[in-house]
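Here is a walk through one structure, taken a step at a time. Keep the sequence and the 3D view open as you read.

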Amino acid sequence: MKNYLEFEKPIADLHSKISDFSNSDNVNCRKMVQECKLELNRTRKEIFKNLTTWEKVQLARHPDRPYAKDYITSITDDFLQLHGDRLYADDEAIIGGIAKINGKSIMIIGHQKGRNVQENMRCNFGMPHPEGYRKALRLMRMAEKFNLPLITLIDTPGAYPGIGAEERGQAEAIAQNLKVMANLKVPIICIVIGEGGSGGALAIGVGDTLAMLEYTIYSVISPEGCASILWRDASMAPKAAEALKLLAEDLKKLHIIDKVLKEPLGGAHNNPKKIAQTIKKFIISELEKLEKDDLTFLLTKRYNKLREVGEFMENKSLGTF
Amino acid sequence: MKFCFDLEMLIKDLCLNEEIKMSENKQEQKSNKEKRSVPLGVWNKCDNCHEILYAKELNQNKKVCAICGYHFKFDAWDRINLLIDHETFIEYDHEMTSADPIKFEDLKMYKDRIKSAMAKSGRKDAVITGEGKLSGLKLGLGVMDFSFLGGSMGSVVGEKLTRLIENSIKEKMPVIIVSTSGGARMQESMCSLMQMAKVSATLAKLSEARLPFISVLADPTTGGVSASFAMLGDINMAEPNALIAFAGPRVIEQTIRQKLPEGFQRTEFLKEHGMIDMIVERENMKHTLSRTLKILLNLNYSDGKGVKNAKN
Ligand SMILES: [Zn+2]
């Protein structure tokens, strides 16, 4: 069963027409299928040419979007999943392990969302507890030890706000990862594949290259949260989304990210194979570049990039207020 | 088709700034109440024991309730004067002010919010940084200011703290940061979020130089500040009864739909769960910091010339 967003409705209608006609052997029906397919392509182009910010936010959260595990399966060979933080538990909101990509060994870590109730019970809608971040930390340190480049796939509404998470130090777990990633002695490539939800995303998001897929978001707070605080009305979320500049294209312009990876027509969920190929190619070419840098240079560059983020005024006379 | 986690997301994200809002509301309520019942600025009511306290005495007592020991929020400059030896503090970057990197506008323009925060607090942004002597020991000190937009961290806070730490590495000084903040500043969106990574990255350098970082957590320390430098002290100290959390209590209450236990996310709870080294009362803070640093740095109590045993 496919899921359709409100603005994908015309696409849904054409899909159901196509499947109705396909069930028939009638020659006319086969012709209709052809026509519908052409129409589908035109409709998609039309819809995707004029997406609003809010529609892009919805695409980033589309329930049919490929998740971390889908990408890991399709872009790596011989993925060996590793479990547990060795301290408390195995948090399935974070998936991680060793693998080969194009013949090279890597460590790969991502947030994992679920497709159905059972899966989401286990991986908590992709919202990690501290043990998830500490599992990631353990794998990062292992990557450093065995000199494996680190790839992270970001896709979370945020770190989980709950009693257990607080008791076990959610804040400390996130903070520790930021500090360790800033200085981890292997190349790090971070890719936002869906939702970049605040500190819970950043906790696996510090690296040498930060890329976002075309229809993904990354922000300090969700549009809903922002709207309910600043507008005192959660239904103002579309407006908040625009104000927050959370789209890949916005963040490229602001120099927060390095690269926007173009998605296939209709979004990643419309052609998972193609987007996986795009990601794979990007990782391979980026790794080649990063591995040419010597370690000191790599770490200095990583630090300097973080160092540059932010805008402020030094002298009041130069300011506008 | 309906998305299942809108609610969770909403709830989770409230946490970053919820404390700011709460305290703003509280302050509004408080001042309204004060206007009605007691002459403003003469009397204060203790949040804990509800005793009416004479404001002048409360100030003399470093904003600690003389009856029950409850620690009120403390002004940033008062804090610096409390910790740093007389006339030894040199402020850094005191002219730095917020820009408006994403031209943020909600019901109010971010620029106007900054302007009115400046007017209200008399400060330029939410942190004061500089160097000074603590019982003779030269060190880098950053003190956050909750009165400026809930102590929220945007580019200015991130940059000032980063410079403070970088300079301390250069001068081989230990670093103390006193946190009190609702978290990352929404109006600078990703520019704010990335300050968490930026300050943490600089702290990694401080660690490599084997210089101590003492984090002092004051009421409240939540969201993006607790989830970055505030939790990264070699030693984490906290004042009594401070709210220290990733997600604020109201957010969690809404998520799990049950009442939270008494004392949840307060200093004492944090210590019990292994997140802080010690609870230090305001009046003992300077002495405790001095003792701690002198032991860590292998200095004699009479000797306050500087850090000798840092990485050479
Ligand atoms: Zn009291």
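The paragraphs below go from confidence to the interface, and then to single residues.

Chain B has a mean pLDDT of 87, and 83% of its residues reach 70 or more. Residues 1–36 of chain B are another matter, with pLDDT below 50. Even so, that stretch makes 96 contacts in the model beyond near neighbours in sequence. Residues 306–312 of chain B also stay under 50. The model gives this second stretch 17 contacts beyond four places in sequence. Where pLDDT is low, the predicted coordinates should not be read in detail.

Now turn to the place where the chains meet. The size of an interface is often given as the accessible area lost when the parts come together. Between chain A and chain B, the buried area is about 6,700 Å². Carbon and sulfur atoms give 71% of that area. Chain A brings 71 residues to the contact, and chain B brings 81.

Polar links cross this interface too. Between the two chains, 16 residue pairs are in polar contact, with both residues at pLDDT 80 or more. Which part of chain A gives the largest share of the side that touches chain B? Helix α8, residues 170–182 of chain A, gives that share with nine residues. Sorted by class, the side of chain A that touches chain B has 36 nonpolar, 19 polar and 16 charged residues.

Charge pairing comes next. Side chains of opposite charge can pair when their charged atoms come close. Four salt bridges are found across the interface of chain A and chain B. In a salt bridge between K185(A) and E208(B), N and O are 3.8 Å apart.

Find R307(A) in helix α14, residues 295–308 of chain A. Is R307(A) buried or exposed? Its relative accessibility is 14%, so R307(A) counts as buried, the cut-off being under 20%. Its side chain makes a polar contact of 2.9 Å with the side chain of E159(B). Leaving aside residues up to four places away in sequence, R307(A) touches E159(B), T162(B), R163(B), E166(B) and K198(B). A network of salt bridges links R307(A) with E314(A), D93(B), E159(B), R163(B), E166(B) and K198(B).

Step back to the whole structure. Over all chains, there are 39 salt bridges. One of them joins K113(A) and E195(A), whose closest N and O atoms are 2.7 Å apart. K113(A) sits in the loop between β3 (104–111) and α5 (117–123) of chain A, and E195(A) sits in strand β5, residues 188–197 of chain A. The pair therefore ties together parts that are 82 residues apart in sequence. Both K113(A) and E195(A) are buried.

A second pair in chain A is R168(A) and E131(A). Their salt bridge has closest N and O atoms 2.8 Å apart. R168(A) lies in the loop between α7 (163–167) and α8, while E131(A) belongs to helix α6, residues 130–145. These two distant parts of the chain are 37 residues apart. R168(A) and E131(A) are both buried.

R123(B) and D75(B) form a salt bridge, 3.0 Å from N to O. R123(B) is in the loop between α4 (110–121) and β5 (127–134) of chain B. D75(B) is in the loop between α2 (55–60) and α3 (76–83), so the pair ties together parts that are 48 residues apart in sequence.

Two more residues complete the tour. T180(B) lies in strand β7, residues 175–181 of chain B. T180(B) is buried, with a relative accessible area of 5%. A polar atom of its side chain lies 3.0 Å from the backbone oxygen of D219(B). Among the residues that T180(B) touches are M144(B), F146(B), G151(B) and P220(B).

L5(A) comes before α1 (9–22) in chain A. L5(A) is also buried, with a relative accessible area of 3%. The C-alpha atoms of L5(A) and A93(A) are separated by 25 Å, and the two residues are 88 residues apart along the chain.

Definitions and conventions:
Residues numbered from 1 in each chain as written. Chains lettered and ligands numbered in written order. Heavy atoms only, no water. Helix = DSSP H or I, 4+ residues; strand = E, 2+ residues; numbered from the N terminus. Buried < 20%, exposed > 50% of the residue type's maximum accessible area, 1.4 Å probe, protein only. pLDDT = per-residue confidence, 0-100. Contact = heavy atoms within 4.5 Å. Buried area = accessible area lost by both parts, 1.4 Å probe. Salt bridge = Lys/Arg side-chain N within 4 Å of Asp/Glu carboxyl O. Polar contact = N/O pair within 3.5 Å; in protein donor to acceptor, adjacent residues only side chain to side chain. Nonpolar A, V, L, I, M, F, W, Y, C, P; charged D, E, K, R; others polar.
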